[in-house]
Amino acid sequence: MSLSDLRNQLPDYAKDLKLNLDSVLSDGGSPGLDGKKIRAVALACAIASRHAPLVRAIEAFAAEQLSPEEVSGAKAAAAIMAMNNIYYRATHLIHNDEYGQLRAGLRMNVMANSGLDKVTFELASLAVSAINGCGACMDSHERTLRQHDVSAQGVQSALKIAAVVHAVAVTLEQSAG
């Protein structure tokens with residue numbers, strides 16, 4: 001099923017989501033990001049949002065501009081953040097500083113060679129971290145992005161993609177049942 005088909009399955013009460021999805025997945029609607037970054041972020045967010053039909057549709061959309069290695073990199077960002085967001089959110093939220101001092105001991109080798117350029121991987125990681133609610137990871141990825149001269153508007157665009165893709169996934173899941 002295409003992204004357009006899924007968009008058309010959104011119920012009338014979610015008309016804003018239809019409009020926002022079209023917007024955030026376009027260069028004009030996501031200032032500070034190019035088409036490749038938009039697609040990588042959207043794919044990582046779809047995976048984090050766990051709605052298989054949306055993942056397949058956005059993967060096809062992403063593959064229009066991303067190489068197979070870049071598609072794999074977006075998947076890698078979603079995978080590693082699924083682990084990191086749980087661990088770092090917990091160590092951040094537990095009111096015992098000792099946990100923050102301990103070595104995580106979790107393998108994160110994919111972050112050094114994901115298949116995406118550094119900035120795109122960080123944008124995808126930030127967006128997935130927003131979906132997963134990990135403030136510690138959001139802070140870390142936002143700082144890195146700003147150090148790489150990504151504008152506040154570029155960061156905001158990644159967050160808007162996360163918000164809209166997640167809302168579309170939730171709405172499609174609920175309207176199907």
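Reader: How many positive and negative side chains does the protein have, and how far apart are the centres of the two sets?

Author: In this predicted model, the protein carries 16 positive and 18 negative side chains. The centres of the two sets lie 2 Å apart.

Reader: What about the accessible surface, and how much of it belongs to carbon and sulfur atoms?

Author: The accessible surface of the protein is about 9100 Å². Carbon and sulfur atoms account for 50% of that surface.

Reader: Changing topic, how many helices and strands are there?

Author: There are 9 helices and 0 strands in the protein. Followed along the sequence, the pattern reads α-α-α-α-α-α-α-α-α. The radius of gyration is 16 Å, close to the 16 Å that the globule rule gives for 177 residues, so the protein is as compact as a globular protein of that length.

Reader: And what box do the C-alpha atoms fill?

Author: Taken along the principal axes, the C-alpha atoms of the protein fill a box of roughly 50 × 35 × 30 Å.

Reader: What share of the residues is buried?

Author: Of the 177 residues in the protein, 45% are buried. As for contacts, consider those between residues at least 6 apart in sequence: 71% of them join residues at least 24 apart.

Reader: Which feature does UniProt place on this chain, and where?

Author: The UniProt record, an unreviewed entry, places the feature "domain: Carboxymuconolactone decarboxylase-like" at residues 98-170. In the model, that span is 70% helix and 0% strand. The C-alpha atoms at the ends of residues 98-170 lie 36 Å apart.

Reader: Now some single residues. Where is His 141, and is it buried or exposed?

Author: His 141 is in helix α8. With a relative accessibility of 5%, His 141 counts as buried, because the cut-off for buried is under 20% relative accessible area.

Reader: What does His 141 touch?

Author: Setting aside residues up to four places away in sequence, His 141 touches Met 81, Met 111, Glu 122, Ser 125, Leu 126 and Ser 129. His 141 and Ala 44 are 97 residues apart in sequence, and their C-alpha atoms are 15 Å apart in space.

Reader: Helix α8 also holds Gly 135, so why does Gly 135 count as partly exposed?

Author: Gly 135 has 30% relative accessibility and therefore counts as partly exposed: the partly exposed class lies between the buried limit of under 20% and the exposed limit of over 50%.

Reader: Let us go to helix α9. Is Ala 169 buried or exposed there?

Author: Ala 169, in helix α9, counts as buried at 2% relative accessibility. Leaving aside neighbours within four places in sequence, Ala 169 is in contact with Ser 49, His 51 and Leu 54. The C-alpha atoms of Ala 169 and Ala 74 are separated by 17 Å, and the two residues are 95 apart along the chain.

Reader: What about Gln 174, buried or exposed?

Author: Gln 174 also lies in helix α9, but Gln 174 is exposed, with a relative accessible area of 56%. The C-alpha atoms of Gln 174 and Ile 80 are separated by 27 Å, with the two residues 94 apart along the chain.

Reader: Last topic, the loops. What is the phi of Arg 50?

Author: Arg 50 has a positive phi of about 65°, although Arg 50 is not a glycine. Most residues other than glycine have a negative phi. Arg 50 lies in the loop between α3 (35-49) and α4 (52-63), and is exposed with a relative accessible area of 71%.

Reader: And which loop holds Asp 149?

Author: Asp 149 is in the loop between α8 (135-147) and α9 (152-176). The phi of Asp 149 is near 65°, a positive value in a residue other than glycine. Asp 149 is exposed, with a relative accessible area of 71%.

Technical notes: Residues are numbered from 1 along each chain as its sequence is written. This is a predicted model: local features need pLDDT of at least 70, side-chain atom pairs count only at pLDDT 80 or more; totals for chains, interfaces and linings use all residues. Side-chain values use heavy atoms; hydrogens and water are left out. Helices (H or I, at least four residues) and strands (E, at least two) are DSSP runs, numbered from the N terminus. The radius of gyration is taken over C-alpha atoms; the globule rule is 2.2 Å times the number of residues to the power 0.38. Buried means under 20% relative accessible area, exposed over 50%, partly exposed in between (1.4 Å probe, protein chains only). Contact means heavy atoms within 4.5 Å. Accessible areas come from the Shrake-Rupley method with a 1.4 Å probe; for residues, only the protein chains shown count as cover. Lys and Arg count as positive and Asp and Glu as negative; His and the chain ends are not counted. The place of a charge is taken as NZ of Lys, CZ of Arg, CG of Asp or CD of Glu. UniProt positions are given in the numbering used here, feature names are shortened, and annotations may be inferred rather than shown by experiment.
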